[in-house]
Amino acid sequence: MAIVTLRLPDVKRKTTTRPQKCPYCSGETFQRWGQVSKPVKDNRHRRVQVYRYRCCHCQRTFRYYPEGVGRADQTERLRKLVAVLWVLGMSLRSVKLALSAFNLSLSHMTVWRDLQEQAELIKARRKWQGVRVLGVDGAYPLLKGKKQPTIVAIDLGSGQPMAVGQVDEANPAAVRRFLEPLVQRLGVKVIVTDDLNSYRKVAEQLGVEQQVCQFHVRRWVGVALRELEQTLPAEWLWVLEEVKKLLSELPLEGSQRLFQLWKQVPQKRIGQGGDRSSLEKLRYILIRMSEHWASYRVFDWQKDVPWTNNGTEQAIGRMKMRARTVRGYKSWQGMEAALLLSGSGLSW
Ligand SMILES: [Zn+2]
């Protein structure tokens, strides 16, 4: 992400346009009713000129602000600048300090509110954006000193976070409550996840394709195969080699082949309720991979689907980096805002 110039909202010292509609009655004719010089907090202007108008229809008067200015002291530009400085890595305290060099004094609370406001703007802007491929993953940031189970949804087209939820990713009902409105509103067709059962279940319920991150699959299968190399009877070691090959090549017919292997490996019990024998462990891996095979290779026939959930992990990485610098989130709202902003980098 190479950003050459930072774009902030424009702020005009005076307006050259006239109001279109009365804020009270929607009347369309006005008389100018004086002007005031409004002091503002901004990185360039100290004051802006604000005209007052009177509505010819309802007789009420109102202020008509120039671009980038509203009722608040801070201009839109400064509010965004505050959030940008924080995303770039400054603490709340450092943001205040940096702005004091421009004779701008902001309270801790104001800086914090600016962050939340920018996060709301991001949320509102992204609300109706179409997202075809959504990456979903869990995270555990600290809220009031405790790990808060959190789920993060990333647009894998743009790499931008779409939503952050107070949800335990292992709980299918909670995952569904979080994902269903997103899937419907954004028009999601594919989710990319790790291979937790909760995601599999919810993808089925919501009728979306699921691509399971192949890093995750390779990790758990790798661990299981290494263990079996030590314990499996020698005459079955060739099966492990074949599983490895299938996993590295992900062929279309992999599911049938794994199913054949599963039937070939004999069922064998040692006592009742005891440990599963290594042959049974092998059978379990074969049948699980066979059943899940389609979700390993959606990327093969849908070219905008990645084969890992790396894009989601990168956004979560950005969130973790920034979230650490805010000590003790006091509310979920505050944390959600911070995660959303930091996960977005400067692309907002
Ligand atoms: Zn009016």
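Author: Of the 348 residues of the protein, 47% count as buried, where buried means under 20% relative accessible area, exposed over 50%, and partly exposed in between (1.4 Å probe, protein chains only). This is a predicted model, in which local features need pLDDT of at least 70 and side-chain atom pairs count only at pLDDT 80 or more, while totals for chains, interfaces and linings use all residues. Residues are numbered from 1 along each chain as its sequence is written, and side-chain values use heavy atoms, with hydrogens and water left out.

First, the setting. The protein has 12 helices and 10 strands; these are DSSP runs (helices H or I, at least four residues; strands E, at least two), numbered from the N terminus. The radius of gyration is 28 Å, well over the 20 Å that the globule rule gives for 348 residues, so the protein is more spread out than a compact globule. That radius is taken over C-alpha atoms, and the rule is 2.2 Å times the number of residues to the power 0.38. The C-alpha trace spans about 95 × 40 × 40 Å along its principal axes.

Now the core. A nonpolar core is a set of buried Ala, Val, Leu, Ile, Met, Phe, Trp, Tyr and Cys residues joined through side-chain atoms within 4.5 Å. In soluble globular proteins, nonpolar side chains tend to be buried together. The largest core here has 42 residues, and Trp86, Leu99 and Leu341 touch the most other members. Elements giving two or more residues to this core include helix H1 (76-87), helix H2 (92-100), helix H3 (108-126), strand S4 (133-139) and helix H12 (332-343). H1 provides the largest share, 8 residues.

Take leucine 341. Leaving aside neighbours within four places in sequence, leucine 341 is in contact with Ala83, Trp86, Val87, Leu115, Gln118, Ala119, Ile122 and Trp348.

Leucine 250 deserves a look. Leucine 250 sits in the loop between helix H7 (237-249) and helix H8 (254-264). Its relative accessible area is 7%, so leucine 250 is buried. Most residues other than glycine have a negative phi. Leucine 250 has a positive phi of about 45° although it is not a glycine.

Serine 26 also has a positive phi, near 65°. Serine 26 lies in the segment before strand S1. With a relative accessible area of 41%, serine 26 is partly exposed.

Arginine 13 is found in the segment before strand S1 (30-39). Its relative accessible area is 52%, so arginine 13 is exposed. Not counting residues up to four places away in sequence, arginine 13 touches His45, Arg47, Val48, Gln49 and Pro66. Arginine 13 and lysine 38 are 25 residues apart in sequence and 9.8 Å apart in space, C-alpha to C-alpha.

Last, glutamine 267. Glutamine 267 is placed in the loop between H8 and helix H9 (278-296). At 58% relative accessibility, glutamine 267 counts as exposed. Glutamine 267 and phenylalanine 30 are 237 residues apart in sequence and 87 Å apart in space, C-alpha to C-alpha.

Technical notes: Contact means heavy atoms within 4.5 Å.
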